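Here's a quick briefing to read alongside the model. Have the viewer open and follow the topics in turn.

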Amino acid sequence: MEHPWLARYPNDVPETINPDVYSSLVEMFEQSITKYADQPAFVNMGTVMTFRKLEERSRAFAAYLQNELQLKKGDRVALMMPNLLQYPVALFGVLRAGLVAVNVNPLYTPRELEHQLNDAGVTTIVIVSNFAGTLQKIVQRTSVQHVILTSLGQMLPRAKGTVVDFVVKYVKRLVPHYHLPDAISMRTALKLGRRMQYVKPVIEGDDTAFLQYTGGTTGIAKGAILSHRNMVANVLQAKAAYGPVLTEGRELVVTALPLYHVFALSVNCLLFIELGGQNLLITNPRDIPGFVKELQRYPVTAITGVNTLFNALVHNESFRNMDFSRLHLSVGGGTAVQRAVANEWKKVTGLHLLEGYGLTECSPLVAGNPYDLSDYSGAIGLPVPSTDVRIVDENGQVVGFDQTGELQVRGPQVMTGYWQREDATREVLTDDGWLSTGDIVRMDEQGMLYIVDRKKDMILVSGFNVYPNEIEDVVSMHDKVLEAAAIGQPHDVSGEVVKLFVVKKDTSLTKEEIIAHCRQYLTGYKIPKLIEFRDELPKTNVGKILRRALKDENHQVMLGMEQG
C-alpha cells in the first residue's frame, strides 16, 4: 500500500482534500460571513465581535488601504500586535484588499524588526502602541511609509476601552514613550474607510497571502511565501482530520497562542472562521490565573497550545476544578508534547491531548494524531489528507519503516519558496515539490510518525546520536520536575556530553535523584553528566523552550572559565 497510514484514519476522515474548493482565503471568508453573519466570531476581554461586524470593519479597513493609502495588489502590510479584536479586522482587511500580510512578533528587538520590515519591503505597519517605541528607533531606516496605531482597549466599548488603556499606560506603565508624528489611529482609519468604496480585486490561489517569517531549517529569519491556495489547503486538511468532532457554527476555541504564529493563524483563526466557530482571544496567556478566570466564563469546546502552556494549566488549581464536559478537542503543537504533560491533561480534563506536527513552510500542518486516539501515542501522528511524506538518510536515499532519517513533505500546503532567497529555497525544496524539514523522524508500519529531534539540536556522544527530546521527555516524568531542557556541552574525550537544565516542582529535588531516575529509562551515554537548576527556562513568545539560548549562555560561561 502506497499510504499505509490510511488504514489508521477513522472512517469519516477523507484521504484527500480539494484545495480549489475556494479560490482564495477571501472567498472562504465571504462564504462564512454570509452563512454565520450574526454569530460570534471573536471574543476578547469580554467583548464579542460577530461575523457581520468583522465583515463591516475589515471592509472599511480594506477600503482605507486601497483609497487613502493607495496600496496596490501585492504590497506588504505588517501586523504587529498580540491577540486583540484588531488583529482579525486588520488581517482580513489586508487580504480583502489583495495585499500580503507580514506577521511580526511584538517582542522583536529593534534589530530584528528592522531586518524583517526591510526584507519584506513592508510599506505599511499596523502596530499596538505598547511596541511603538521599538518601531520609532528604526522606522527611518526602513521602507515603511504608513504607520497605523492602535491600543489594547481601542476596539472594546468606549468606556471599557478607556479604562483598559489608562491602566495599561499609567498604572502598569506598559506603553513606553514614543514619537511617531505621522501615525494614524486605527479607529480613524476605520471611520474614514466606512465612507470609501471597497473594490474587490481579482485574487487567485497562487497569489501570495502571507510572508511568514521563520528561522527555517538554517540561518537568519526568512519569509516563507504562503499562497492563498497553500493556506486554504491547510485549513481543509485540518478540517478533514478533526472536522468529524467539530460542529459547524457551534464551536468555541481557546486561542492563547498568538495569531501572528502560523499554528494559531491556521488552526484557530482560519479553520474556525471556515467552520463558523468562535475564537476566544487571550491577550496575555502568561498570566495563568487571569487566563483561567477567562476560561471559566465560557463554554469552551476546543483548545490548542504548546507543551509549556498545557503544563502550566494542569498545575493551576482553579483550572483543575473546571467543568470540561463541553471540551472535545485538545491539540498540542509547536514543540513536542511530553508524556507526563499528556497524561496529566487526560487525568484533569478526561480528554486526550492530540499532538500535531507542522512547520511554517507547510502552512503549517503536516501530521496529527487521529481524533479517536485511545491513549498517548508518543507520535506526531499520521500525515494529514493529501500529504505525502518520506524519510531519507544522509545520502538522500529513502529509508524503510522504523529507521530514522530526515522527514520530507510534499502537498498543497507546502510553500512556494523563501522570499527573495532562491539559494535558500533550493536547499530545502526539490523541483518536484519535496520539502526537507530538518526534523529527524521514524515511521512505524501503520504510518505513525515519531519525531526524534531537530537535526541541528542533535547531541553527539562518542559517535552516538542523542536527541534532547528523548532526554527531556524522560526527565519530565519525574514527579518533582516542572520543566527540563537538554543540550550538548563540548567534551575532550566524548566530543559532547549531555547537560540538563531543570526547573523544580519540588524544592527537595536533587541532582542524584534525577540521575537515578534517568538510569531507569536511558542507556549510559544518554544520561546527563551535568545538571543545572534554574528558576525558569528561556522561551519564545509562544512558549517553546529556547535550547539555543541555553547553549549560547553555556558557551559564554565556558569561555569565561577558560579565560579565568
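Is Glu 55 buried or exposed? Glu 55 counts as buried, because its relative accessibility is 15% (buried means under 20% relative accessible area, exposed over 50%, partly exposed in between, with a 1.4 Å probe and protein chains only). Keep in mind that this is a predicted model, where local features need pLDDT of at least 70, side-chain atom pairs count only at pLDDT 80 or more, and totals for chains, interfaces and linings use all residues. Residues are numbered from 1 along each chain as its sequence is written, and side-chain values use heavy atoms, with hydrogens and water left out.

**Salt bridges**

- The structure holds 28 salt bridges, each being a side-chain nitrogen of Lys or Arg within 4 Å of a carboxyl oxygen of Asp or Glu.
- Glu 55 pairs with Arg 96 in one of these, at 3.0 Å from N to O. Helices here are DSSP runs (H or I, at least four residues), as are strands (E, at least two), and they're numbered from the N terminus.
- Arg 96 counts as buried too, because its relative accessibility is 1%.
- Glu 422 and Arg 426 form a salt bridge whose closest N and O atoms are 3.8 Å apart. They sit four residues apart in helix H14 (residues 422-428), so about one helical turn separates them. Both Glu 422 and Arg 426 are exposed.
- Lys 480 and Glu 513 meet through their side chains at 2.9 Å, N to O, in another salt bridge. This pair also links distant parts of the chain: Lys 480 lies in the loop between helix H15 (468-476) and strand E24 (481-491), while Glu 513 is in helix H16 (residues 511-521), 33 residues away. Glu 513 counts as partly exposed, because its relative accessibility is 25%.

**Strands and sheets**

- Nine strands make an open sheet with mixed pairing, in the order E2-E1-E11-E10-E12-E13-E14-E15-E16. Strand E2 (47-50) and strand E16 (382-383) are at the edges with a single partner strand each, so one side of each has no neighbour in the sheet.
- Within that order, E12 (residues 302-305) and E13 (residues 329-332) pair in the parallel sense over four bridges (strands pair if DSSP finds at least two bridges between them). Ile 303 stands opposite Ser 330 in E13.
- Strand E8 pairs with strand E9 (residues 222-227) in the antiparallel sense over six bridges, and Phe 210 has Leu 226 in E9 as its bridge partner. E8 is mostly covered, with six of its seven residues buried.

**Surface spots**

- Phe 166, Tyr 170 and Val 171 make a nonpolar surface patch of about 330 Å². Patches take residues with over 30% relative accessible area and no salt bridge, joining like charges within 9 Å and nonpolar side chains (Val, Leu, Ile, Met, Phe, Trp, Tyr) within 5 Å; the areas come from the Shrake-Rupley method with a 1.4 Å probe, and for residues only the protein chains shown count as cover.
- Phe 166 is in helix H6 (residues 158-171) and is partly exposed, at a relative accessible area of 47%.
- Lys 293 is in helix H10 (residues 288-295) and counts as exposed, at 59% relative accessibility.
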